[in-house]
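Biologist: I'm new to this one, could you show it to me and then walk me through it?

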Amino acid sequence: MINSYLPILVILLVSAFIGLAIIVLSTLLSRKNPTPIKLMPYECGMDPIGGARRRFSVRFFIIGMLFIVFDIELMFLFPWAVVYDQLMIFGFIEMLVFVLVLLAGLIYVWKKGALEWQ
Amino acid sequence: MTDLVWLIPVFPLIGFLINGLFTRKLPEKAIGWIGSLSVGASFVVAVLIFLEVLGMEPGSRSVQKIVYTWILSGDLSVPIGFLIDPLSLVMMLVVSGVGFIIHVYSIGYMHGETGFRRYFAYLNLFVFNMLILVSANNFLLLFVGWEGVGLCSYLLIGYYYEKKSAADAGKKAFVVNRVGDFGFLVGMFLIFITFGTFDFTQVFSEATAKLTQGGLMVTGITLLLFLGATGKSAQIPLYTWLPDAMEGPTPVSALIHAATMVTAGVYMVARCSVLFAMAPVSMTTVAVIGGATAFYAATIGMTQFDIKRVLAYSTISQLGYMFMACGVGAFASGIFHLMTHAFFKALLFMAAGSVMHAMAGELDMRKMGNLRHKLPQTHWTYLFGTLAIAGIFPFAGFFSKDEILFYSFERHMGFWILGALAAIMTSYYMFRSVFMTFYGKSRVEADVAHHLHESPPIMTVPLMILAGLSLVGGLVGIPIIQGWHVFGDFLSPVFAPATAILTSNAHGAAHHSLALELILMGMSLAIAVGGLLFARYMYIVDPAAPDRVISRIPEIHQLVYNKYWVDQLYDILFVNSIVKFSRFLWKAFDDAVVDGIVNGLARLTRGFGGVLRQLQSGLVKDYALSIMVGVVVIIGYLVLR
Amino acid sequence: MIQFPVVNLGGILPALILCIAGLVVMLACLFVKRGTVTVAAIMSAIGILAAGAANSPLRVLNETAFSGLVSLDPYSWFFNFLILIATGLTVLASVRYLSDDEPGAYEYFVLLLFSGAGMMFMVSGNHLLTIFVGLETLSISIYVLAGIIPKNPKSSEAALKYLILGGFSSGIFLYGAALLYGSAGSTGLPALTEYFKAGTFGPMALAGMGLLAIGFAFKVSAVPFHMWTPDVYEGAPTPITGFMSVGVKAAAFAAFVRVFFDALGELQVNWTEILWVLAALTMILGNLAAIVQDNIKRMLAYSSIAHAGYILIGMVAGTELGTAGVLYYLLAYTFTNIGAFGVVALVGSKREANVHIDDYRGLAKSNPLLALVMSIFLFSLAGIPPTAGFVGKFAIFSAAIAQGYIWLVVIGALTSAASVYYYFRVVMKMYMEVPETTPARLEFSPSMILALGIAVIGVVYIGIFPTTYLNLALESVKPLF
């Protein structure tokens, strides 16, 4: 039982070793010429200075939530498509109902104007 | 006819519904007569049933009519039914009969009041509940009526709700009664546990089999039931609400707080006579409490100047008599006194109401006097009532009270002494009220005096009917001569099982001695007349005497000593010490202790509620903490146990 | 090969109809220009009636469907009807409360229908997961409904508090389900029954049971898991408060009883003592706290806590009669409390302006019939015969007495005697006091009159003729024993 967890332990150790090795090696081998800009935390292209608690537009959340809903719809469609040949008409109707329910939601949010950015 | 017994409570209910919902536009007269006639119709039905029952064999005069099975589910069964037997018939007749008379009187008395319609609606609702109470065939239905009359009493005491004292009095009655109701409820639970049913006939017939004689269970049940009775019937220690209840309209005092509702406790104890007979401790408790209340309330009655309060304390005292009768095993005598008391006390209250009517609402007897010429009919009827309550032969009270005193004597000398002392005080304070109100010098204020008038016939005729009943009502219970005690013989089948238990316990039943009976009878009569004479002395012969006695100026002792040595004896024995003592009781005990407990309980509950409010901080984290505490305690208990 | 589950759409048709009705209202009202509230209410009412019609023939069923996820039996049938009554009356009582131009006016009805559907799945759930999904469906709808009054901080506060604490309690419930799964290897109720019958369970299973009990106790607002109730009940729109107090409570009790009698019946000795304590605490605290409330919605909130205590007595009793008492009590309570909250909504008016009990002064003068109706509801809450509330208390108390739980019943009787005080305070205000200012005219709408009429007739009718309904309840709980 416990043996089956052994590979995981191995992976843990190996990855920890590689990570540590890279950090240690670059510290030892590199030339150091620090400037304040260089010491700043790195974030791709964005200005890292400023408060972290910035206010986002509430529409961002609405779009985000709607995205998740339809993302999950897609997640369900993939496994369904894989075994579609075995599910036959039953599976087709089941998925139709699911998609239609979400469609009703889509119509609702659309008509309510939740998809407009203004 | 017995099939129609359900009509008896239904008529007042119809009256209530009509007056409560539809008669907004009708004139007062119509509203009043709808209310009155609905009760009158019940009375007619009750009389017809009574006549039919009279035609039956005495042994088989108990009929159960299941009208409707209210709850029937699994083991649970609550049939709504009526029990027609001599006991419930007497109660039904008294409630509907006296109720009808008081309704008619109210048409005149309440004339011009703003809530006239509301008044009659409540009054009819009360009669409905009271009739349910007395005709129920099981404890649950009885309890329904019991709560119903309490509710109506509360509504009617607070009838003049603009007045703070009236609203407070209503609340007080309500709170005090809940204490008693709680006892009653728990008693009912215990009955249900023991018998698995609420049905009267079943409970009482199985009582001897399922309960041990004098055992803990039967004693507990009966004491709890009696606690309920002390609340409803205003006995020590739960009597304080009744005097305050006089804030309601006077006919309400007559109907609810004198003739009917307050006697419900007596009825209930009599109904459960079998259970009480099986619990000697409870019997003694009932007798002692009853006797003590009779005595105690009478002492207070002697010191009051408010005519309705005198009557209120007198009611408490007379109820004490009824309980004493039940406690010594003379259930039939208790009910007999209940009936005669309903006649004369209703009469006294309504006559007092008639005086109030004439005096523009004045209640203080010190501001009355010499009204007998101005209010002749009221005077005569009040006098009849007084003669009856004092126990002067041949008025109704003589027979019923004498019977109670006789049975108390048989049980124990102490009860007789208590009763006799209470009787003499009763006679004294009742005649005192007669003399202060109708005789002596007029102390009426000038602006009231010139429009003194006798009440209209719609009020005086009911008074006369009740006066007649107070005169002849006792004749159904003539003692000594075999077969003349019609009332006792009529009721005896109901109490036969209880009597059997009691006599089997008492080794060798007490021997009825004719001579003893006659001597006691003579003594009760002497007591009544003694009270009369004493009151007459104090308030007619020497009107200054009471003031002197109360102010306790030393010369008075001398003066009294010179006239009668008896006076001095009374002075020392009664007036001085008892007036003081009863004043003390009234002031200190009533106001401080009992009211204090009631108010304190209310404050305690509110205070506790306030603490809870503190916990309810409104912060989600505190709520989550409370949930977590619950989780930890429950899981900890489950896992670690 | 894939195993297809047994599909029995007819069995869950009532819930399906509610879902479809919700979707239809949601879409159709997008295109309605004027009177959206009325249109939505009428469509919802039709949906509820249709669901009721679909539910009626289901009483004869006694089977499970969808691979044992739902159980179709008289028990579900009874609660389906109860939920439909609660939802229907709430719809009727809400019409005048909403205005067409406010946001969320018809979504209100949509959410009501969805939460009704969630409740139905919850009561017929034969699997802890079905129950959980039903619970969440109804909860999420209710979270939104509690905060649906626009620009009202109290309403938003109520919604947020309920959401946070509701999430907390759902977590506890799920944890309990997980522990049971860990012990028994399944969360199907029949499988759990089998597992506990075998008798080899450890503390983990007991802890799971305890956590489930706490999850349910939160939803029925039993002490000490009740703290959210007064705040949420006060802040939520009044008709929704009424719906929460009966609908959510009924559904939660339904699942509570089913899980604990069906799946955890073998552990009865273990959970009875916990419920005993919860019942006693709930009755005492609920009633005492209600005494000091001056806001009628808070008072009714505490009263609803207290009633949860009385209902728990029925579970403690543990017999068929006790659980039947629970069902009857919930039915009686549905009519009573929706009615009472309906009156509060009517008097309080749209902006919840008059929710102090002093606002009830002199109601008997200005609106005698409304005062009478309110008094009947309060009498029923206080348990005064011949109302339904009395019969419910009577059935539960007598079942508990028959099992020897005398002290619990004594606490119940004592506290309900105390409760008469605060219910009567309102009656007294209505009948015996004079308002200081002239009361505002109340806006009666036909649908509100209908709702109050049905509620008051229900309270009186099942109070005077309780036998049929008690027997119905008794037959409905048969599948659990």
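Predicted model: local features only at pLDDT ≥ 70, side-chain atom pairs only at ≥ 80, totals over all residues.

Biologist: What are the ipTM and pTM of the model?

Modeller: The ipTM is 0.88 and the pTM is 0.80.

Biologist: Where in chain A is confidence lowest?

Modeller: It is lowest in helix α2 (residues 36-39) of chain A, at a mean of 76, and highest in helix α1 (residues 6-29) of chain A, at 93. Helices here are DSSP runs of H or I with at least four residues, strands are runs of E with at least two, and both are numbered from the N terminus.

Biologist: Switching to the chains, which pair has the most contacts?

Modeller: Of the two pairs of chains that touch, B and C have the most contacts, where a contact means that the C-beta atoms of two residues, placed from the backbone, lie within 7 Å. On that count, 49 residues of chain C meet 42 residues of chain B. The largest share of chain C's side, eight residues, comes from α17(C).

Biologist: What classes of residue are on that side of chain C?

Modeller: The side of chain C that touches chain B has 40 nonpolar, six polar and three charged residues. Nonpolar covers Ala, Val, Leu, Ile, Met, Phe, Trp, Tyr, Cys and Pro, charged covers Asp, Glu, Lys and Arg, and the others, Gly among them, are polar.

Biologist: How many residues of chain C are in contact with chain A?

Modeller: Six residues of chain C are in contact with eight residues of chain A, and on the chain C side there are six nonpolar, no polar and no charged residues. Chains A and B are joined by no contact, and their closest C-alpha atoms lie 23 Å apart.

Biologist: What is chain B made of?

Modeller: Chain B has 26 helices and two strands, and 56% of its 641 residues are buried. A residue is buried if 20 or more other C-beta atoms, placed from the backbone, lie within 10 Å of its own, exposed if 12 or fewer, and partly exposed in between.

Biologist: Back in chain C, at what angle do α4 and α5 pack?

Modeller: Helix α4 (residues 107-124) of chain C and helix α5 (residues 128-146) of chain C pack at about 160 degrees, with their axes 7 Å apart. The axes are lines fitted to C-alpha atoms over the stretch in contact, and angles run from 0 to 180 degrees between N-to-C directions. α4(C) and α5(C) are therefore roughly antiparallel, a label for angles over 145 degrees, with under 35 being roughly parallel, 65 to 115 roughly perpendicular and the rest oblique.

Biologist: Last one, is C:Ala308 buried or exposed?

Modeller: C:Ala308 counts as buried because it has 28 C-beta neighbours inside 10 Å. C:Ala308 sits in helix α12 (residues 296-317) of chain C, and, leaving out residues up to four places away in sequence, touches C:Val220, C:Ser221, C:Ala222, C:Lys249 and C:Thr282.

Note on methods:
Residues numbered from 1 in each chain as written. Chains lettered and ligands numbered in written order. pLDDT = per-residue confidence, 0-100.
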